[in-house]
Amino acid sequence: MIPTRGGDWYDGGFWQRLYFRALDASDQYIRATWEYLYKVIALSNKSMEVLETNKYRFDSSKIESYLAEVKAFRGIYYYYLIDLFARVPLTTSSTIPIKEIKQSERREVFDFVVAELQEALPLLIKEHSNKLGEYYGRVSYPVACFVLAKLMLNAEVYTNNNWTEPGQPNGNSIWFTIDGRQYNAWQAVLYYCDQISNTGYTLSSTYEYNFSVFNESSDENIFIIPMDKRSYTNQMQYLFRSLHYSHSNALGFGSENGTSATLTVLRTFGYDTEETDPRFDMNYYAGIMYDLEGNVIKDAYGTSVEYLPWEIKPDLSGSPYEKMAGARMKKYIIDKTSIKDGKLIDNDIVLFRYADVLLMKSEAKVRNGENGDSELNEVRARVSATPRVATLETIFDERLLELAWEGWRRQDMIRFGKYHLPYDQRPQASGEENRYTTVFPIPRNVLELNPNLTQHTGYN
């Protein structure tokens, strides 16, 4: 969470609304997310039109693979849209007038994305796009397979057009045709995960290597955001947003003293017990902080910088722990030569990796009535964690332990039926308790521009 710390991180109450699942259609961050996703889709549509129109200018042996790559890239962004916003406009043209853009049901967009990615697959190169070279950072065959596996894993959610009502489709009865054969949702997950395995991915020998400086040679990272502080302007915000000012200053960059681990994270990791998961110290800063030479870091008043994980809560204003509550982000190894307050670094940002493939396989097997112990414990063995029996509960916890800070928690909570808050933590303001939903609202300005679109149930 990003707790309110006095005058910091209130931002009109957005971060508290985000934590309490009570977003508003006028929230600027929701609008920015929608606009970014559709900007990329519009650019993809335009790119495909240019490629189609100018085929004669390109090497005929490559034009179809170029088109397939752009189609798959567009499919990935529609995947994010159905995950976050559910009922969204589906358009493949860059010139269609707004008045002609209609809102499609979630199942329709899901079926479109699956079909588009399946059609693109045979034409995509089977290279590791996290590696330096011609395909660095591009959508390759294993990247598309990963997204298809995610789509199948969440098929019960994404094929449900009325997610506000009890009950949803059953993955055992959601069928897909792949290479002329029929697979239920869980079997389809296994199929696409196996395709990824067949292209040579494996777990890195150490967990931390995947997030190190110059991590392009990782054999585990499947899809990344290329980072090169000398060549690219895209920034990495994770450490910058999380660390206390004095901590980051001692490490050579700036920060905003924000993002912290929730109490659920601490309990799941077994923090402060003899059974603490080995990955806690790989993912979080907690306790007294030291600089890169091993010296205790002091704040402006000469007090030791000490993070207090158990004192975290959504609003810390006026608390004696206002500035120091919460375990902080540690996952990416510090780039000692970073610039722009540590936001321009040489650690590629990891989006998809092979450990997630193994956990998807374990979950799909369990949901399909099979044994998923092998895949679950392969992930745990890498960090010398004790073996566990693969159940939906242990897999849900393992996904947090392994994938902390990697952006999958909300999706996992929804799929496992845990995207809710205890009653004593839900907002008490009038009407707020009725706005809980598993999808984001359609931004208000989007609705105003296009009267063909309607808001989701649960939002104004």
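1. Basis. This is a predicted model, in which local features need pLDDT of at least 70 and side-chain atom pairs count only at pLDDT 80 or more, while totals for chains, interfaces and linings use all residues. Residues are numbered from 1 along each chain as its sequence is written, and side-chain values use heavy atoms, with hydrogens and water left out. Helices (H or I, at least four residues) and strands (E, at least two) are DSSP runs, numbered from the N terminus.

2. Gln118. This residue counts as partly exposed because its relative accessibility is 24%; buried means under 20% relative accessible area, exposed over 50%, and partly exposed in between, with a 1.4 Å probe and protein chains only. Leaving aside neighbours within four places in sequence, Gln118 is in contact (heavy atoms within 4.5 Å) with Leu148, Met152, Thr177, Ile178 and Tyr192. With Tyr192 there is also a side-chain to side-chain polar contact of 3.0 Å. A polar contact is a pair of N or O atoms within 3.5 Å; within protein, one must be able to donate a hydrogen and the other to accept it, and residues adjacent in sequence count only if both atoms are side-chain atoms. Ala68 is 50 residues from Gln118 in sequence, and their C-alpha atoms are 10.0 Å apart.

3. Helix α2 (28–53). The 26 residues of α2 reach 37 Å from first C-alpha to last, close to the 38 Å expected at 1.5 Å a residue; the expected span is 1.5 Å times one less than the number of residues. Its buried residues are Ile30, Trp34, Leu37, Tyr38, Val40, Ile41, Ser44, Asn45, Met48 and Leu51. An α-helix has 3.6 residues a turn, so residues three or four places apart point the same way. The cover over the buried residues of α2 includes α1 (14–19), α3, β1 (88–89) and α16.

4. Second largest pocket. Its volume is about 460 Å³. Of its 19 lining residues, Trp34, Tyr38, Ile98, Ile101 and Val446 are the closest to the centre. Trp34 and Tyr38 are also among the buried residues of α2. Helix α2 gives the most to this lining, with 6 residues, and α16 (444–449) supplies at least two. By class the lining has 11 nonpolar, 7 polar and 1 charged residues. Here Ala, Val, Leu, Ile, Met, Phe, Trp, Tyr, Cys and Pro count as nonpolar, Asp, Glu, Lys and Arg as charged, and the others, Gly among them, as polar.

5. Cavities. On a 1 Å grid over the protein atoms alone, a cavity is a set of points where a 1.4 Å probe fits but cannot get out, and a pocket is an open set with protein on both sides within 12 Å along at least five of seven lines; lining residues have an atom within 4 Å of a point. Points are joined across faces, edges and corners, and a volume is the space filled by probe spheres set on them. The count is 4 cavities of 30 Å³ or more. The second largest cavity has a volume of about 60 Å³, and its lining includes Met236, Phe253, Asp335 and Asn347. That lining divides into 6 nonpolar, 3 polar and 1 charged residues.

6. Arg410. This residue lies in helix α15 (residues 409–415) and counts as buried because its relative accessibility is 16%. The side chains of Arg410 and Asp83 make a polar contact of 2.8 Å, and the Arg410 side chain reaches the backbone oxygen of Thr438 at 3.0 Å.

7. Phe416. In the loop between α15 and α16, Phe416 is buried, with a relative accessible area of 14%. Beyond four places in sequence, Phe416 touches Glu363, Arg367, Leu392, Ile395 and Phe396.

8. Positive phi. Most residues other than glycine have a negative phi. Asn257, in the loop between α9 (245–251) and α10 (263–269), has a positive phi near 55° and is buried at 0% relative accessibility. Lys340, in the loop between β9 (328–329) and β10 (349–353), has a phi near 55° but is partly exposed at 48%. Ala86, which follows α3, has a positive phi near 65°.
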